Amino acid sequence: MVSTKLYVGNLPWTFNNNQLSDTFKKHGKVVSAKVVTDKESGRSKGFGFVEMESENEASSAIKALNGSEINGRKLVVAAAKVN
């Protein structure tokens, strides 16, 4: 079973939540998109999480975006490990 929550790694340092959401909405309905930032500086840590509405959409996004390049950085997109 694929989770609807995705881990997105190797993001461009300038990416914000809206850009992350825009990248994924081509592959389905984005429930949430969050770039993880440093508490002190507020700068991106280079990864984030996206939640898609369905498992099919999450699968589609993984297939389409894992290994794709944005701003010279190859994205890592995988099902997030949910505890």
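The questions and answers below concern a predicted model of one chain.

Visitor: In what pattern do the helices and strands follow each other along the sequence?
Guide: The chain holds 2 helices and 6 strands. Read along the sequence, they come in the pattern β-α-β-β-α-β-β-β.

Visitor: What is the radius of gyration of the chain, and what does the globule rule give for 83 residues?
Guide: Along its principal axes, the C-alpha trace spans about 35 × 30 × 20 Å. The chain is as compact as a globular protein of its length, because its radius of gyration is close to the value from the globule rule for 83 residues. The radius of gyration is 12 Å, and the rule gives 12 Å.

Visitor: What share of the contacts with a separation of 6 or more is between residues 24 or more positions apart?
Guide: A contact here means heavy atoms within 4.5 Å. Among the contacts with a separation of 6 or more, the share from residues 24 or more positions apart is 61%.

Visitor: What percentage of the residues in the chain is buried?
Guide: A residue is buried when its relative accessible area is under 20%. Of the 83 residues in the chain, the buried ones make up 33%.

Visitor: Where is Asn10 found, and what is its phi?
Guide: Most residues other than glycine have a negative phi. Asn10 is not a glycine, yet its phi is positive. Asn10 lies in the loop between strand 1 (5-9) and helix 1 (17-24), and its phi is near 65°.

Visitor: Is Asn71 buried or exposed?
Guide: Asn71 sits in the loop between strand 4 (69-70) and strand 5 (73-74), and has a positive phi of about 50°. Its relative accessibility is 59%. The cut-off for exposed is over 50%, so Asn71 counts as exposed.

Visitor: Which residue meets Lys25 in a salt bridge?
Guide: The chain has 2 salt bridges. In one of them, the N to O distance is 3.1 Å.

Visitor: What is the N to O distance in the salt bridge of Lys74 and Glu69?
Guide: Lys74 is partly exposed, with a relative accessible area of 49%, whereas Glu69 is exposed, at 55%. A salt bridge needs the nitrogen within 4 Å of a carboxyl oxygen. Between Lys74 and Glu69 the distance is 3.9 Å.

Note on methods:
Residues are numbered from 1 along each chain as its sequence is written. This is a predicted model: local features need pLDDT of at least 70, side-chain atom pairs count only at pLDDT 80 or more; totals for chains, interfaces and linings use all residues. Side-chain values use heavy atoms; hydrogens and water are left out. Helices (H or I, at least four residues) and strands (E, at least two) are DSSP runs, numbered from the N terminus. The radius of gyration is taken over C-alpha atoms; the globule rule is 2.2 Å times the number of residues to the power 0.38. Buried means under 20% relative accessible area, exposed over 50%, partly exposed in between (1.4 Å probe, protein chains only). A salt bridge is a side-chain nitrogen of Lys or Arg within 4 Å of a carboxyl oxygen of Asp or Glu.
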